[in-house]
Amino acid sequence: MATELEYVLDPEPSGGRASQGAAGTVGDPPPGAAASAPASRGAPHLPRTFIRPVSGWRLVNARELWRYRELLYFLTWRDVKVRYKQTLLGAAWAVLQPAMMMIVFTIFFGRMANVQTDDLPYPLFAFCGLLPWTFFAAAIANAGNSVVGSERIITKIYFPRLAIPFASVGASLVDFGVAFSMLFLLMAWYRIAPTWNLLLVPPLVALFTLAALGIGTLLAALNVAYRDFRYVIPFLVQLWMFATPTVYMQPVEGIRHQEPRASSGGKATARASTRRPEDGEPETQGAARDYIQHLLHVNPLTGLVAAFRAAVVGNPIPWRMLGWSTVGTILSFLIGCLYFRRVEDSFADII
């Protein structure tokens, strides 16, 4: 069973405690060595190193990941090369995926449904939401299947298992950097100049990455124990996309803006007056709005997507929503890494 090892240096000299050394220590002289060869008085004493397994709930061992940084780099580069190996368009697929989704949603939401876009062209509005969402969806999908796909490596040698889902998220981050160039082309086409808010994009991308690392590592650990999650992950990604205001504005804001317009017309007012009080429709609609608002606050991507769109186009930043999303992102990262580190010792046995 592969397990993480902890190395502890003993500051005391090993000469006086050689006969009391426990099994598994490094630096103890062999039995009988002290009697056959007397120690010289001026010789330096080597510290003993105790090697013992680490158990229980553990956070990310940043120092160990840093020692294996070359492995993390090569795993990331491997995922990037495998993804575009023997393809005609290569890295252009990173741009085509959000671009084609933008075209589809522009036809149905922008043309037919007339979705409010806060005075922005709908293609740019949709692409600003689809670009970070595409990165997040691809990252959690690839990270969720990464540990199962690396069965041969896990069962042979020891290395920090977190490097596998982290490398999958890093490969998706490369795709995000390629697709980000399309955003500048759309801004130039619609003559929207960047503002100082664009400096918030790197911290927001870091928050998206942190959220993808947390959810991706959690799904990767669950996928090892329960293989049903390979079918749950695509379904979860689809539901999560429509639960996140990527191609539409927040439903609560849309309902609030539509209520005065609905009551301004004569027919609408007459219909509202003919409603019976016992029907309870206004109370039901208010409860539904509150329920949707609570769900949006629970979703950590709601504030991240809204802040990313506002930072790109120069609108005011929704700091309150961003604060709630930041808290949710940190919690998801901690929960995902804690659970992954808790069960990673059993990966080599059950994978």
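1. Leaving aside residues up to four places away in sequence, Ser325 touches Asn299, Pro300, Thr302, Gly303 and Leu304; a contact here means heavy atoms within 4.5 Å. Ser325 belongs to helix H15, residues 319-343. Helices are DSSP runs of H or I with at least four residues, strands are runs of E with at least two, and both are numbered from the N terminus. The side chain of Ser325 also comes to 2.9 Å from the backbone nitrogen of Gly303. That is a polar contact, meaning a pair of N or O atoms within 3.5 Å; within protein, one must be able to donate a hydrogen and the other to accept it, and residues adjacent in sequence count only if both atoms are side-chain atoms. Ser325 counts as buried because its relative accessibility is 2%. Buried means under 20% relative accessible area, exposed means over 50%, and partly exposed lies in between, with a 1.4 Å probe and protein chains only.

2. On the source: this is a predicted model, in which local features need pLDDT of at least 70 and side-chain atom pairs count only at pLDDT 80 or more, while totals for chains, interfaces and linings use all residues. Residues are numbered from 1 along each chain as its sequence is written, and side-chain values use heavy atoms, with hydrogens and water left out.

3. The protein as a whole has 16 helices and three strands. Of its 351 residues, 39% are buried. Among contacts with a separation of 6 or more, 83% are between residues 24 or more positions apart. The accessible surface is about 20,500 Å², and carbon and sulfur atoms hold 64% of that surface. Areas come from the Shrake-Rupley method with a 1.4 Å probe; for residues, only the protein chains shown count as cover.

4. What makes up the nonpolar surface patch of about 1,000 Å²? Its members are Leu88, Leu89, Trp93, Leu96, Met100, Ile103, Val104, Ile107, Phe108 and Met112. Patches are made of residues with over 30% relative accessible area and no salt bridge; nonpolar side chains (Val, Leu, Ile, Met, Phe, Trp, Tyr) are joined within 5 Å, and like charges within 9 Å. Met100 lies in helix H4, residues 93-112, and is partly exposed at a relative accessible area of 47%.

5. Three salt bridges are found in the whole structure, each being a side-chain nitrogen of Lys or Arg within 4 Å of a carboxyl oxygen of Asp or Glu. Arg83 pairs with Asp175, with the closest N and O atoms 2.3 Å apart. This pair links distant parts of the chain, since Arg83 is in helix H3 and Asp175 in helix H8, 92 residues apart. Arg83 is partly exposed at 28%, whereas Asp175 is buried at 13%.

6. In the second bridge listed here, Asp79 pairs with Arg78 at 3.1 Å between the closest N and O atoms. Asp79 is buried at 16% relative accessible area, while Arg78 is partly exposed at 32%. Glu344 and Arg341 form another, with the closest N and O atoms 3.2 Å apart, and both residues are buried.

7. Helix H3 covers residues 69-83 and includes Phe74, which is exposed at 53%. The C-alpha atoms of Phe74 and Ala167 are 8.4 Å apart, although 93 residues separate the two along the chain.

8. Helix H8 has 27 residues, 163-189, and should span 39 Å; its end C-alpha atoms are 40 Å apart, which agrees. The expected span is 1.5 Å times one less than the number of residues. Arg191, which follows H8, has a positive phi near 60°.
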